[in-house]
Amino acid sequence: MIPDGLPLRVVGDVHGDARAFAFAAETDHFVVQLGDLTDSGPDSAAALETALRLLEERRGMFILGNHDRKLGRALGGQPVRVDAALAETLRQLPPRLRERALEAIEQAPAWVVQRGRVFVHGGFHTAMLESAPPPGLGRVDAALSRALFGQTTGRVQADGYPERVLRWVDRIPPGTTVYCGHDRRSTDGRPYVRHSHNGGRAIFLDTGAGKGGHLSWIDLPPANVASAGIAIEAISSP
């Protein structure tokens, strides 16, 4: 999925912020977008077009997020709850883009592991180190649930969303970094870094694009190149 020997640009949740995503995509790095391309922001159709162009030009890919999966299920005629954000996304998509988007979503991996790096939308599960992801639009097992939705307590918060916890971070092995989105954990507009008890770490790149925040990304050297640190970029949405 990710070519060897190329520097990477890891891009957080886009949520329809197509203008910022187009800016992030103008790079000679291979783009790894961490899912949730659509819903909430002004132009989900254009965000999808950028992702599809990166795929077609073999300059990037996207990880399956929960919003992408929901869109794919809706496009494939499966029963989903269509909220206002999804309804607006569907309204924006012409027939040909619907076909292309469904095909890409069906093929999008729920996680990718590359030499001490894990790229996933929602959260880490140890099974990700042992097996390839299942079809994203099929049955949801424990690892796929963690990849799409993170870890929840079963309780609902005052805002109506499930209560999420980060206990999974302490399962990240030593020397492994998990790059993820889904949880907007930043307190200063920059990606949030959380270390595990045993030497792993998670970097959360959702900084609210399409939801009043901005789009963030991190540029990484090729996986076989040692790096003393990482440069974190936080780009404000126009």
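Predicted model: local features only at pLDDT ≥ 70, side-chain atom pairs only at ≥ 80, totals over all residues.
His-121 sits in the loop that runs between β5 (117-120) and α6 (142-149). With a relative accessible area of 0%, His-121 is buried, because buried means under 20% relative accessible area. Its side chain has two polar partners here. One is the side chain of Asp-36, joined to that of His-121 by a polar contact of 3.2 Å. The other is the side chain of Asn-66, in polar contact with the His-121 side chain at 2.9 Å.

Asn-66 leads on to helix α3, which covers residues 66-75. The axis of α3 comes within 11 Å of the axis of helix α4 (residues 84-92), and the two cross at roughly 60°. The helices α3 and α4 are therefore oblique to each other, and the crossing of α3 past α4 is right-handed. On the α3 side, the contact is made by Lys-70, Leu-71, Ala-74 and Leu-75; α4 contributes Leu-86, Thr-89 and Leu-90. Sorted by class, this contact has five nonpolar residues, one polar and one charged.

The loop that holds His-121 ends at α6, and Ala-143 lies in that helix. Ala-143 is buried too, at a relative accessible area of 7%, a value that falls under the 20% limit. Leaving aside residues up to four places away in sequence, Ala-143 touches Trp-111, His-125, Ala-127 and Met-128. Thr-126 is 17 residues from Ala-143 along the chain, and the C-alpha atoms of these two residues are separated by 8.0 Å.

How values were computed
Residues numbered from 1 in each chain as written. Heavy atoms only, no water. Helix = DSSP H or I, 4+ residues; strand = E, 2+ residues; numbered from the N terminus. Buried < 20%, exposed > 50% of the residue type's maximum accessible area, 1.4 Å probe, protein only. Polar contact = N/O pair within 3.5 Å; in protein donor to acceptor, adjacent residues only side chain to side chain. Axes fitted to C-alpha atoms, helices over the stretch in contact; angles between N-to-C directions. Parallel < 35°, antiparallel > 145°, perpendicular 65-115°, else oblique. Left-handed = near helix turned anticlockwise from the far one by under 90°. Contact = heavy atoms within 4.5 Å. Nonpolar A, V, L, I, M, F, W, Y, C, P; charged D, E, K, R; others polar.
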